[in-house]
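Notebook open, structure loaded. I wanted to look at a few helices and one loop.

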Amino acid sequence: MTENRITVAVTGSDGAMGGEVVAHLLDSQKDLYLKLFLYDKTKHTRRFFKSLLKRGKGRISVIRGDLGNYDDVALLIKDADYVIHCGAVIPPKSDHNPENTIRTNYIGTKNVVDAIHNSGREDKIKLVHISTVAVYGNRDYHHLWARMGDPVISSAYDYYSAAKVKGERYVLESEIPHWVVLRQTAVYHKYFLANNMNDGLMFHTCWNAPLEWITDRDSGLCIQHLVEKDIEHKLDGFWQNDYNIGGGASCRETGFETFNSGFGLMGANAKKFFKPYWNIPRNFHGVWYTDSHILDQWLDYRRESSADYWARMKKALWYYSLGRIVPAFLIRKLAIERLLKNSNAPMNWVRLKKQGRIDAFFGGNEALEKLPRTWSDFPVLAEGKIPGGTIDYADLKDESKAGRFVLSHGYDESKPDSEIALKDLKEAAAFRGGSVVSKSFKKGDLYSRVEWKCHNGHTFTARPFTILKAGFWCPECCEALPDWKFDKAAAQSNFYAQVWYDTHSRDEENNVYPYSQNEDDDLIKPVEKL
């Protein structure tokens with residue numbers, strides 16, 4: 001190892017994003033040495049790493065371990081200059097095994113932070129924590145644009161999101177000096193189609209959900225540029241911040257358009273293969289970002305559009321040609337309808353009368369019965385239709401007019417951070433239904449902890465940055481586990497109400513969504529309060 005070599009530790013290095021991060025770091029002209037953390041021992045993973053080790057001969061080492069095991073993580077962190085924390089259990093695996101999801105996504109993140117803090121080199125190690133768009137929860141046409149500081153509001157039963165919320169908060173509140181959180185949007189990656197065609201997950205995408213995609217390659221390039229620019233001392237002011245990763249205008253669409261793009265390669269469209277009521281109408285996650293350009297200005301990573309991704313898939317996947325030969329009804333029968341009874345499929349929850357899930361994803365039995373059964377009656381947003389009327393979809397997508405959809409954060413955001421005072425903290429807390437307990441606050445100091453009181457009287461400490469700039473609130477009431485109490489939170493907090501009631505009725509204020517409704521209960525242990 002040369003004297004000037006930089007060591008980059010990567011978790012989740014065999015995943016969709018992590019694999020591209022590794023590939024792009026190997027392409028860097030910088031003298032980088034990679035420590036890759038490996039848990040999965042499948043044949044696919046062994047092949048993946050064998051090819052990587054050959055390509056990066058002398059520049060890669062592999063550590064086998066478990067993110068939930070502190071000692072394993074500490075071994076990874078040792079001697080690292082950068083830690084790229086991509087490791088997570090994602091859907092659909094997260095839906096079937098919440099216990100492991102929490103262990104990996106939250107406890108694993110806690111172990112990464114603690115290992116850096118205890119390393120004796122915490123002032124030298126820089127953590128890049130990959131969070132998720134899922135922290136914003138469900139959005140529809142009322143507020144389809146989002147930005148940093150919007151409510152962190154995990155959708156019910158989304159264990160992936162719930163655990164990532166807790167992990168992100170741990171990073172934001174940590175004592176390590178060099179961290180950055182990147183809220184990764186939905187990723188178009190090489191496993192995308194396989195993940196969706198082997199599980200009821202595909203029915204979780206709302207037809208009208210706003211989605212700002214990014215390709216796996218651009219995500220990898222983002223991290224490559226981050227490391228390179230930081231080595232070149234070009235990221236002054238970048239660290240100790242939270243950013244949204246998104247692909248921009250060429251990657252903004254709805255769930256319906258995403259399905260159309262995929263099936264369009266077969267010469268068909270979503271309407272040929274699906275009934276509209278098979279997919280949930282709410283309780284998903286997806287937004288268009290008003291501020292994803294900020295990270296691109298820092299790191300210059302946007303290269304591909306959604307169309308570029310699908311063109312790549314058409315070349316890579318031979319079975320798309322079958323769609324032009326095999327009748328659509330046969331593909332629907334053999335490839336899609338078979339998944340309707342999958343434990344992760346909404347129609348299976350309906351069949352088994354899983355009331356908690358019916359309430360969460362459909363709004364109750366009455367709302368379920370009213371769902372349109374035919375496409376002619378279904379309001380497809382991408383076609384300019386909304387319940388009871390029409391809308392200019394192109395106008396909705398015009399980023400220059402996105403200000404119409406901006407949510408209030410409860411204080412004067414026109415002020416520079418250096419001018420934020422105790423008065424602003426009090427206004428933000430009141431907007432959330434609570435108050436500031438601390439009697440003093442140094443103007444502009446967003447990283448010294450303040451004591452707050454929530455709408456239910458719980459007191460907690462948190463940095464003003466975590467509350468005002470990252471959109472968190474009470475860890476007792478407003479983080480999902482174990483029973484997603486956002487109906488109650490919205491009833492008492494304008495901060496949550498402004499978005500929650502876009503897709504929820506005020507009559508739902510007493511709902512909770514207990515873990516016991518999970519179809520896979522017999523496979524895993526109950527989730528305990530964290």
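I began with what covers the buried residues of α3: the list includes β1 (6-11), β2 (32-38), β3 (60-64), β4 (82-85) and α5 (98-117). Covering here is contact, heavy atoms within 4.5 Å. Helices (H or I, at least four residues) and strands (E, at least two) are DSSP runs, numbered from the N terminus.

Housekeeping: this is a predicted model, where local features need pLDDT of at least 70 and side-chain atom pairs 80 or more, while totals for chains, interfaces and linings use all residues. Residues are numbered from 1 along each chain as its sequence is written, and side-chain values use heavy atoms, without hydrogens and water.

Back to α3 (residues 70-77): I found V73, L76 and I77 buried, meaning under 20% relative accessible area (1.4 Å probe, protein chains only). Down the axis of α3 its buried residues fall within an arc of 95 degrees, so they line one face of the helix; the arc is taken from directions from the helix axis to the C-beta atoms.

At the start of α3, a side-chain oxygen of N69 comes to within 3.0 Å of the backbone nitrogen of D71. After α3 comes D79, with a positive phi near 75 degrees.

Last, the loop: N342 sits between α13 (328-336) and α14 (346-351). A polar atom of the N342 side chain lies 2.8 Å from the backbone nitrogen of N344. Leaving aside neighbours within four places in sequence, I noted N342 in contact with H96, D199, G200 and N348.

Definitions and conventions:
Buried means under 20% relative accessible area, exposed over 50%, partly exposed in between (1.4 Å probe, protein chains only). A polar contact is a pair of N or O atoms within 3.5 Å; within protein, one must be able to donate a hydrogen and the other to accept it, and residues adjacent in sequence count only if both atoms are side-chain atoms.
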